[in-house]
Amino acid sequence: MPAVVRRSKLLKLRLDRFSHAMAGIERGDVRSLHRVRVASRRLRELVPILQLEADTAKKLSRRLRKVTARLGSLRELDVLVALIDDLRRSSPEHREALNRVGVAVAKARDESRKRRLDELPAEELDRVARKLARVLNDVRRSEEAGSARGGPARAKAALWAIDARIAHRAGRLQQFVQSAGALYLPDRLHAVRIAVKKLRYAIELAPASHQPRRADDLRGLRRVQEILGRMHDFQVLIDRVRGVQASLAPPSLAAWRQLDALLTAMDDECRRLHARYVRARADLDELTRRLVAAPSAPSTRSARHAG
């Protein structure tokens with residue numbers, strides 16, 4: 001049976017996740033902030049596939065991008081707090097240094113949480129959700145009107161658009177992987193991590209019957225994302241530790257040495273994670289080459305180049 005894509009179904013699934021996470025924020029569940037951010041990323045990947053008016057798509061993407069960006073720093077600080085707690089248990093020899101850094105990170109997180117909630121109040125999230133609900137109704141009406149005239153062709157066009165989106169994201173990832181090479185270059189590896197995430201979200205749009213290797217591809221990308229994500233978290237913590245080290249007041253040689261030992265241990269861990277990434281690059285290269293080579297329709301050029 002040929003694969004069928006209903007744009008309304010794809011949108012409803014992602015809107016439901018976004019709305020559910022919003023409800024968690026209203027109940028005071030801080031973890032829901034991060035779920036809202038992830039849901040906003042998945043919605044951004046879907047927007048070019050919905051075949052909306054250009055102005056509508058642009059405004060919707062801009063609103064979702066604002067949600068993603070404003071919650072990003074808060075997610076990062078929450079992850080650092082959890083990472084510090086993990087390191088306290090696994091590396092007791094660095095406990096004093098971790099306690100010193102933990103105080104600074106916890107303070108920054110509390111300040112960021114209040115600031116982000118002020119900048120992105122529940123009313124703003126509600127407006128985004130209502131706009132998405134209106135778009136969902138419009139997409140449903142479009143599908144119903146089109147079912148009587150050229151329904152199969154429209155469904156095939158949606159599949160082509162998804163194929164083009166996947167090929168575009170795979171091509172971007174391929175470029176970032178080649179740019180990073182086999183060297184330990186944190187900024188370039190961070191770009192690879194973001195590109196992996198975007199390709200994952202694009203592949204999720206495709207029906208399993210249309211992408212026979214979908215599950216394997218998603219598992220492989222998730223594995224690379226976890227390696228690079230862990231590495232990125234350590235790199236961010238390294239920057240925090242250096243900041244604490246530079247601002248020691250009063251200056252303390254013992255504290256400086258404790259922080260320096262922690263930095264060395266974390267840098268070693270980053271290099272171990274990088275070695276795991278390098279071993280996974282061959283599979284990543286094969287995956288991106290295959291997805292870039294997948295056929296797509298010329299009419300989906302906007303889906304390839306949007307975002």
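A pocket is an open set of grid points with protein on both sides within 12 Å along at least five of seven lines, and its lining residues have an atom within 4 Å of a point. I worked with that meaning throughout these entries, and I note that the model is predicted.

**Entry 1: the largest pocket**

I asked which residues lie nearest the centre of the largest pocket. They are R37, V38, R75, R193 and K197, out of a lining of 25 residues. I recorded about 550 Å³ of space in this pocket.

I then looked up which helices supply the lining. At least two residues come from each of α1 (7-26), α2, α3 (54-90), α7 and α8 (214-246). By class, I found twelve charged, seven polar and six nonpolar residues in the lining of the largest pocket.

**Entry 2: α2 against α7**

Two helices from the previous entry were examined as a pair. Helix α2 covers residues 31-46, and its axis comes within 9 Å of that of α7, with a crossing of roughly 65°. The angle therefore makes α2 roughly perpendicular to α7. I noted that α2 passes α7 in a right-handed crossing.

I listed the contact residues on each side. Helix α2 contributes V38, R41, R42 and E45, while α7 contributes I194, K197, K198, R200, Y201 and A202.

**Entry 3: α7 against α9**

I next turned to the other partner of α7 in my notes. Helix α7 (residues 186-203) packs against helix α9 (residues 253-293) at an angle of about 45°, and their axes are 13 Å apart. With that angle, α7 is therefore oblique to α9. The crossing in which α7 passes α9 is left-handed.

On α7 I found L189, V192, L199 and I203 making the contact, and on α9 H274, Y277, L287 and L291. This contact of α7 with α9 holds seven nonpolar residues and one polar residue, with no charged ones.

**Entry 4: α8 against α9**

How far apart are the axes of α8 and α9? I recorded 8 Å, together with a packing angle of about 155°. The two helices are therefore roughly antiparallel. Their crossing is left-handed.

Most residues other than glycine have a negative phi, and most peptide bonds are trans.

Where is P250 found? I located P250 in the loop between α8 and α9. The peptide bond leading from A249 to P250 is cis, with omega near -5°.

I also looked up Q51, which lies in the loop between α2 and α3. Its phi is near 60°, which is a positive value in a residue other than glycine.

Terms used
Residues numbered from 1 in each chain as written. Predicted model: local features only at pLDDT ≥ 70, side-chain atom pairs only at ≥ 80, totals over all residues. Heavy atoms only, no water. Axes fitted to C-alpha atoms, helices over the stretch in contact; angles between N-to-C directions. Helix = DSSP H or I, 4+ residues; strand = E, 2+ residues; numbered from the N terminus. Parallel < 35°, antiparallel > 145°, perpendicular 65-115°, else oblique. Left-handed = near helix turned anticlockwise from the far one by under 90°. Contact = heavy atoms within 4.5 Å. Nonpolar A, V, L, I, M, F, W, Y, C, P; charged D, E, K, R; others polar. 1 Å grid on protein atoms, 1.4 Å probe; cavity = no way out; pocket = protein on both sides within 12 Å on 5 of 7 lines; lining within 4 Å. Points joined across faces, edges and corners; volume = space filled by probe spheres on them.
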